[in-house]
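Biologist: I'm new to this one. Can you put it on screen and take me through it?

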Amino acid sequence: MATWSASSPTASPCSSRRRTKAPARRPSSESPPPRKMKSMAEIMAKSVPVVEQEEEEDEDSYSDVTCEKCGSGEGDDELLLCDKCDRGFHMKCLRPIVVRVPIGPWLCVDCSDQRPVRRLSQKKILHFFRIEKQTHRTDKLELSQEETRKRRRSCSLTVKKRRRKLLPLVPSEDPDRRLAQMGTLATALTALGIKYSDGLNYVPGMAPRSANQSKFEKGGMQVLSKEDLETLEQCQSMYRRGECPPLVVVFDPLEGYTVEADGPIKDLTFIAEYTGDVDYLKNREKDDCDSIMTLLLSEDPSKTLVICPDKFGNISRFINGINNHNPFAKKKQNCKCVRYSINGECRVLLVATRDISKGERLYYDYNGYEHEYPTHHFL
């Protein structure tokens, strides 16, 4: 048996304990064996594409969606899905038609608070246009037509052709027919949430009335003559009496709301004044309103004014434009937009450029001044 000695520094107090040897170290010259790495193709083959699988499931869930109006599933780029009921609707099948894809959530008519537009009664139409109640309306209509005939006879044909004076509107003789014509306009305005206005509106926060001065027009503006001003005032008084031009607002599946002649209209006849809110162009550069009209072109672009009929407007809001890139579409033009200086202020008038027959739709050139409005997608 081993004995312990204090003089031996390496002796152990207990001989039964043994030290574990460390593993032999590999010489530094030897390198570890290379690990076998899997190729990217093997990794991708075993991996599960979670995101793509979710997208495929979403596409499969909406692949059988069809339009609730026409029953067709074609044209998926124009198919709107309600964020509440997940039903599909073509933009052209909705009433009123949806021109562009809405930004943000969209709800169908059944899921939203929007109520379908009903036919307005006679009392509501009179209240909608604030028509003045007057007696002997037929006698006054005949009187105004007689004054127009006398004015035409007073000047020779040569002078009348050279001056190209405005002609007052000639409304339909049947009062019920005039009421039906105004009813179509009231229905279209109500469907778009627009209030009727027969003049320019100056709203706080937009352009003030002092900014609308014809002297700020770049290159000057033509002044409305005294005779034409009398014709304009006569037509405005006729509008207030409910004597409107023979026009109806109809809905086209492709063009949307458009204006159609309900009776013959002579060349150079005053149709309507372009009305709405007056605002600076710089405030409307990103506006999605598709009927903005130029009112004042200033030397300073920050002072250029436009008319925005998105909240207030009249029948001029629904007259469509022509396609400037199509020679056949240019032949459809039968009226024009003219900017006049009236009492020092800029105004926009719509005037017939040729005789318009009953049933013919009204068109004018949107690019009458700036030639910057994109009309290549027009019909």
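Biologist: Why is β8 largely enclosed by the rest of the structure?

Modeller: Because 5 of the 5 residues of β8 are buried. Buried means under 20% relative accessible area, while exposed means over 50% and partly exposed is in between, with a 1.4 Å probe and protein chains only. β8 itself covers residues 276-280. Strands are DSSP runs of E with at least two residues, helices are runs of H or I with at least four, and both are numbered from the N terminus.

Biologist: Before we go on, what kind of model is this?

Modeller: This is a predicted model, where local features need pLDDT of at least 70, side-chain atom pairs count only at pLDDT 80 or more, and totals for chains, interfaces and linings use all residues. Residues are numbered from 1 along each chain as its sequence is written, and side-chain values use heavy atoms, with hydrogens and water left out.

Biologist: Back to β8, then. Which way does β4 run against β8, parallel or antiparallel?

Modeller: Parallel: β4, residues 200-201, is joined to β8 by 2 bridges. Leu 200 has Gly 276 in β8 as its bridge partner. Two strands pair if DSSP finds at least two bridges between them.

Biologist: And how many bridges are there between β8 and β10?

Modeller: β8 and β10 pair over 4 bridges, in the antiparallel sense.

Biologist: Where do the side chains of β10 point?

Modeller: Leu 305 and Ile 307 point one way, Val 306 and Cys 308 the other way, and all are buried.

Biologist: New topic. What is the strand order in the sheet with β14?

Modeller: The order is β7-β14-β13, an open sheet of 3 strands with antiparallel pairing. β7 (270-273) and β13 (335-342) are the edge strands, each pairing on one side only. From one strand to the next, the twist averages 35°. β13 pairs with β14, residues 345-352, over 8 bridges, and Cys 335 stands opposite Ala 352 in β14.

Biologist: Which helix packs on the sheet?

Modeller: α7, residues 226-240, which touches β7, β13 and β14; its direction makes about 75° with that of β7. Axes are lines fitted to C-alpha atoms, for helices over the stretch in contact, and angles run from 0 to 180 degrees between N-to-C directions. Contact means heavy atoms within 4.5 Å.

Biologist: Now the largest nonpolar core. Which residues touch the most other members?

Modeller: Phe 129, Leu 362 and Tyr 364, out of 61 residues. Such a core is a set of buried Ala, Val, Leu, Ile, Met, Phe, Trp, Tyr and Cys residues joined through side-chain atoms within 4.5 Å. Helix α6 (residues 175-191) gives the most to this core, with 7 residues. Leaving aside neighbours within four places in sequence, Phe 129 is in contact with Met 182, Leu 185, Ala 186 and Tyr 196.
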